[in-house]
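Open the model in your viewer and keep the selection tool at hand. The stops below go from a single side chain to its surroundings, then to another site, and end with the whole chain.

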Amino acid sequence: MSSTLLSLLLLLNADPAATDTPRKPNPLAPSLPQLTDAEEEKLDHVIERFIQFDIGKLKGEEGKKALKDFNDLGPEATFALIRGLNKSASIEATCPAATIGKKLVAIIRRSNDPELLDFCRENIGAGITKSPHLGILKDVRFTAQMRKRDVGNRPIARPVDPPKPDNPLAKVATKELASRAGSERGDKLKAVLTELEQRPGELVLPALGVATEHYESDVASHARELLVKHLGRQPVSALKEALKNDRAAVRGAAARAAEKYPQLGEELIALLDDKEADARQAARESLVKIAKGSDHGPARDASAADRAAAIKLWRAWWLKQAK
């Protein structure tokens, strides 16, 4: 087990003894281990506490611990650090953005993973057009660009896990799984969807989207959960496109996944006037989380006029964030 992964497990109060089996590589960057959603949320919490310490709102022993936890973060926290950098870009105080940016630069300069470097170039500062720290975002992206030039496009070998005896679907091609998603039923269909969600590629999203409209309610519910999970691992650009998808279930799942990306606030606000109530409420819930509890509506059964009023309030809030 790498020392950085061990530090991460200790930081997250995980049991190192339970990690004898190597972590699967992250589908977006094979040099990093794939973390659970709960682990990513804990990393977000560590970075949020550091930001509060850095701007003077967390002091004393709590502040010292917040700084130590932040300093202990390794490359495994790269995605959370990018989210933290984008969030801190809207804060007037310079230090959080500068410090997080410096840590990302150190990780980028040591990376030989072209997919990770591409992810950094695409997602650092994505959707941010106004910020007092645009220069910092630009510098970190430039570092990723230069490192990618040095590394080139040599792919990192992904370990191939032997097919599990109890999971014959692991041997099935993605195209075939997508086809089976349209013909299987019941538990067999759920198993197909679960395996499909873990695969990369453009066939996954449409198949999961169709499954959310399945006549078996438990299958539809399972597909909606998988959609949120799948979209939560995609780059910001893909998530942004999914917010405009033809299927309401995909738009709603993208809205739920977008709660970790404050830079998508404008797109979430636009979704508050969606024709489908589920998508509207998913957007509202994510906006409330981004706004740290502030809620301007609209209610699920709000009229068109009430939705327009709520959107006006949210846009006024959004303009304040961009200053």
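Is F50 buried or exposed? Select F50 in this predicted model: at 1% relative accessibility, F50 counts as buried.

F53 is partly exposed, its relative accessible area being 26%. The rings of F50 and F53 make a tilted aromatic pair, with 6.4 Å from centre to centre and 45° between the planes.

Then show K103: its charged end sits over the ring of F70, 5.3 Å from the ring centre.

Move on to helix α16 (residues 304–322) and select W314 and W317, again 3 residues apart and separated by about one helical turn. What kind of pair do the rings of W314 and W317 form? Their centres are 5.4 Å apart and their planes lie at 85°, so the pair is edge-to-face; the cut-off for that class is over 60 degrees. W314 is buried at a relative accessible area of 0%, and W317 is buried at 13%.

Finally, zoom out. The whole structure holds 5 aromatic pairs. The chain has 16 helices and 2 strands, and 46% of its 323 residues count as buried. Colour the surface by element: the accessible surface comes to about 16900 Å², and 53% of it belongs to carbon and sulfur atoms.

Methods: Residues numbered from 1 in each chain as written. Predicted model: local features only at pLDDT ≥ 70, side-chain atom pairs only at ≥ 80, totals over all residues. Heavy atoms only, no water. Helix = DSSP H or I, 4+ residues; strand = E, 2+ residues; numbered from the N terminus. Buried < 20%, exposed > 50% of the residue type's maximum accessible area, 1.4 Å probe, protein only. Areas by Shrake-Rupley, 256 points an atom, 1.4 Å probe, with all protein chains shown as cover. Phe/Tyr/Trp six-rings, centres within 6.5 Å; stacked < 30°, edge-to-face > 60°. Lys NZ or Arg CZ within 6 Å of the ring centre and 35° of its normal.
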